[in-house]
Amino acid sequence: MLNSIKMVDLHGQYLKIKEEIDQAISEVINSTSFINGKPVESFGLELANYLNVKYVVPCANGTDALQIAYQSLGLKPGDEVLMPAFNYVASAEAAALIGLKPVFVDVWEDSFNLNENLIEGKITAATKAIVVVHLFGQSANMEPILEIAHRLGLKIIEDNAQSLGAEYTFSNGAKQKTGTMGDINIHSFFPTKNLGCFGDGGAISTNDKDLAQKAAMISRHGQGEKYAYEMIGCNSRLDTLQAAILRIKLKNLDGYLQSRKEAAKYYHQLLEGSLTTSRPIEKGYSNHTFNQYVIKLTDRDKIKELLKNEGVPSMIYYPSPLHLQKAYAYLGYKSGDFRVAESLCQEVLALPMHTELLQDEQEYVINSLIKSINSL
Ligand SMILES: Cc1ncc(COP(=O)(O)O)c(C=O)c1O
């Protein structure tokens with residue numbers, strides 16, 4: 001048994017850039033510029049350049065970034081915001097905290113992303129925005145979603161927490177990075193993300209100067225001139241230490257994405273011909289950055305346990321859809337409302353995926369998977 005297979009290997013990734021990182025951390029410590037130090041501004045500019053977007057506002061984490069995005073758009077209590085039912089909690093939570101109403105939409109069973117054909121059926125007079133979450137590393141189908149939003153005067157917020165570096169291809173062949181197509185978009189630098197820091201971190205990106213200014217102001221207590229509060233804001237800053245780390249890791253991001261892509265390709269190859277599981281689907285309109293490598297299985301829970309016995313870690317993203325969570329029961333949804341999201345929650349399993357994954361580890365993972373499936 002290979003006893004060291006990890007779901008993610010942040011330490012291995014760190015060791016490859018240790019000297020640079022240690023020096024950058026030491027520089028911040030020596031500067032004692034822990035809050036709003038120079039690296040924060042530099043990182044914002046470098047990320048804007050990477051994304052090819054006009055403005056990036058760094059902040060404390062992706063969840064705050066969502067709340068700041070909603071507030072920057074001027075959304076008010078009672079406004080409805082559409083979002084996928086199969087999703088991390090942040091977009092619903094940030095909305096609910098400021099009195100917005102999360103309205104769920106079902107997803108595609110192959111890409112796990114928002115089903116654009118179901119959006120219009122959820123729109124009411126109170127609908128103001130759509131949160132498009134690019135799940136697991138791949139873009140949702142942006143072109144039809146943007147068309148609906150433009151036609152109906154709705155705002156688009158891309159939640160790019162899991163897919164930094166992914167690219168959407170429009171029908172005319174034009175390509176655009178995820179996190180640059182919505183009115184205002186959010187990113188997370190949680191350690192396991194495509195670009196992860198050594199703690200919490202997040203950012204907002206937009207091409208709209210006014211929204212960028214509002215987002216920056218909201219993230220600093222709504223402050224304009226010092227001690228002059230022009231709007232209700234919050235305290236959401238990216239630490240200088242995290243920014244210094246992110247600057248180094250951003251230079252390596254395309255290399256990291258390449259490693260993920262190669263690991264995914266090898267998993268695909270190892271799974272080829274297996275009839276008992278479904279491999280992740282790569283849609284023609286998006287490259288896949290494989291923040292997660294998610295397969296679907298019947299008997300998922302039993303297989304997860306068997307894999308664990310073989311020393312293979314795996315994770316379930318997500319075990320329950322948002323509409324059936326206790327915290328969101330007040331929205332009045334019931335079991336059966338989102339058939340695809342509900343069935344995905346029973347079937348999905350994320351296999352180990354990271355930038356340091358070795359081929360013999362992947363062979364062990366897939367052999368263990370097939371052995372587990374065959375043993376049932
Ligand atoms: C899709 C999605 N949105 C938002 C977030 C929130 O990001 P953070 O953990 O930085 O608050 C996450 C983090 O896991 C996420 O996966």
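An oxygen atom of the ligand lies 2.7 Å from an N or O atom in the side chain of S188. The side chain of K193 also places an N or O atom 2.7 Å from an oxygen atom of the ligand. Taken alone, the ligand exposes 390 Å², and the protein buries 93% of that. The model is predicted.

**Ligand site**

- The space taken by the ligand is the largest pocket.
- The surrounding residues are N61, G62, T63, Y88, A90, V133, D159, A161, Q162, S188, K193 and G201.
- By class, this shell divides into 4 nonpolar, 6 polar and 2 charged residues.
- D159 brings a polar side-chain atom to 2.6 Å from a nitrogen atom of the ligand.

**Salt bridges**

- Side chains of opposite charge can pair when their charged atoms come close.
- The structure holds 15 salt bridges.
- One of them joins the side chains of K128 and D79, at 3.3 Å from N to O.

**Backbone exceptions**

- Most residues other than glycine have a negative phi, and most peptide bonds are trans.
- Where does the chain carry a cis peptide bond? The bond from Y317 to Y318 is cis, with omega near 10°.
- Y318 belongs to the loop between α9 (300–309) and α10 (339–347).
- N36 is not a glycine, yet its phi is positive, at about 55°.
- N36 falls in the loop between α2 (18–31) and α3 (38–51).

Terms used. Residues are numbered from 1 along each chain as its sequence is written. This is a predicted model: local features need pLDDT of at least 70, side-chain atom pairs count only at pLDDT 80 or more; totals for chains, interfaces and linings use all residues. Side-chain values use heavy atoms; hydrogens and water are left out. A residue is near a molecule or strand if one of its heavy atoms lies within 4 Å of it. A polar contact is a pair of N or O atoms within 3.5 Å; within protein, one must be able to donate a hydrogen and the other to accept it, and residues adjacent in sequence count only if both atoms are side-chain atoms. Accessible areas come from the Shrake-Rupley method with a 1.4 Å probe; for residues, only the protein chains shown count as cover. On a 1 Å grid over the protein atoms alone, a cavity is a set of points where a 1.4 Å probe fits but cannot get out, and a pocket is an open set with protein on both sides within 12 Å along at least five of seven lines; lining residues have an atom within 4 Å of a point. A molecule sits in a cavity or pocket if more than half of its atoms lie within 2 Å of its grid points. Ala, Val, Leu, Ile, Met, Phe, Trp, Tyr, Cys and Pro count as nonpolar, Asp, Glu, Lys and Arg as charged, and the others, Gly among them, as polar. A salt bridge is a side-chain nitrogen of Lys or Arg within 4 Å of a carboxyl oxygen of Asp or Glu. Helices (H or I, at least four residues) and strands (E, at least two) are DSSP runs, numbered from the N terminus.
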